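I opened this model to go through its sheet, its helix packing and its nonpolar cores. My notes follow the display.

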Amino acid sequence: MSAHYDPYENMLMVLEGAAGKLGLQEKDYVTLKYPERELKVSIPVVMDNGDTKVFEGYRVQHSSVRGPCKGGIRYHQDVNMSEAKALAAWMSFKCAVVNIPYGGGKGAVKVDPAELSKGELERLTRRFTAGIAPIIGPYRDIPAPDVNTTGEIMGWIMDTYSALQGSLTPGVVTGKPLELGGSLGRPEATGRGVMLAARELLSKLGKSFKGTRVAIQGMGNVGGTAARLLHDEGCVIVAISDVSGGISKDDGLDIPTICDFLMAKRGNLLSGYDAPGIERISNKDVLVSDVDVLIPAALENQIDAEVAPNVKASLIIEAANGPTTFEADEILEKAGKTVVPDILANAGGVAVSYFEWVQNLQRFYWEEAEVNNRLESLMVAAFNNVWDMAKKHGSTLRLGAYMVAIERISQAQKSRGIFL
């Protein structure tokens, strides 16, 4: 990946391509090229040794045309404003693709949370919440977990915001613990959505899960859940990886045992797992495994122009946000690969975040079966809308998804008009 790669520029290129396919004039979508609001905050934190350290945080609101902004908060040492802007835009499109009444937002703090104690992490989170509090809220902008943030961190955000407001406000964030108003089925929602996207794609192609060979890069919450559900449906998971590297086994890995090992203790990684017949491989090796389905479920830009020509999988389900660069996407298309884009494939998380928010506002909570059934209905409808749009315009599924999203947002913008 180029050191000068700009994820926001990447998003704009896809946006322009989809708008062109739809035959839109620039005035119909020009507002989508610019975030509505970008906030940068300084976050002073008293460290355990008594020193004060200042961290940098961001909250970007891309579009509120169709509803409150929605999007996660990530803690990562390499994050920057351009990345936050791109992720916020992708959230606008993702919410429109699955047709939930949200726009897109994204937040981030430039920090390696592994270097902080739990107390330092809590103080960082609460001070960051105070910094972005003027622009968030259940009817304005609703954060959620993302890379390196958890339900516990969402609880701290909710508590801080509620204290500042003077009343309990569970709907300010989603992805919370159940006892704070979280939704059943939310932790598994993104991974379940990935499984449903894979199922629908295979079904369209006249194939089934049984015996389908799968490789998954990333065994966090999303990749791990997808691996377990796909294994349960009869897929053969032959290669997986996490930050410590990867493992493979040609006749299939024991996914339930691996998931149990990874969840048994915080800090357990694949490098510490051993079993007869497994082979140690790199994260890059996972991406070029000899499989039917590849699921990148790690970070952005993993499939770049260098990796793309060597991808053997004919079907790629993007569980991560932005795992494929613009250049790589063109290479995969020319090679006849089918890519289910991130804004469709990983939308299960924001869908059930929407369900959580609705439950918070109503103060009425659903059983897990109802959550999963509603998620399945929503994901299947979204997949069919994208598939039909792509077929209608002879485009990739990525452009199809963007066309569905842009059409919905631009129509809403046209109906609202521009406030003078």
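The entries below start with the ground rules and then take the sheet, a helix pair and the cores.

I worked from a predicted model, in which local features need pLDDT of at least 70, side-chain atom pairs count only at pLDDT 80 or more, and totals for chains, interfaces and linings use all residues. Residues are numbered from 1 along each chain as its sequence is written, and side-chain values use heavy atoms, with hydrogens and water left out.

Sheet. I found 7 strands in an open, mixed sheet, ordered β9-β8-β7-β6-β10-β11-β12. Strands here are DSSP runs (E, at least two residues; helices are H or I, at least four), numbered from the N terminus, and two strands pair if DSSP finds at least two bridges between them. β9 (279-281) and β12 (338-340) are the edge strands, each with a single partner, so one side of each has no neighbour in the sheet. β8 (residues 245-248) runs antiparallel to β9, joined by 3 bridges; Ser248 is opposite Glu279.

Helix pair. I looked up α3 (residues 81-97) against α14 (residues 397-416): the angle is about 90° and the axes are 8 Å apart. Axes are lines fitted to C-alpha atoms, for helices over the stretch in contact (heavy atoms within 4.5 Å), and angles run from 0 to 180 degrees between N-to-C directions. The contact includes Trp90 and Phe93 of α3 and Tyr402 and Arg408 of α14.

Cores. A nonpolar core is a set of buried (under 20% relative accessible area, 1.4 Å probe, protein chains only) Ala, Val, Leu, Ile, Met, Phe, Trp, Tyr and Cys residues joined through side-chain atoms within 4.5 Å. The largest has 91 residues, and Phe93, Ile240, Ile295 and Ile317 have the most contacts inside it. Apart from that core lies another of 25 residues, including Val111 and Tyr161.

Definitions and conventions: Buried < 20%, exposed > 50% of the residue type's maximum accessible area, 1.4 Å probe, protein only.
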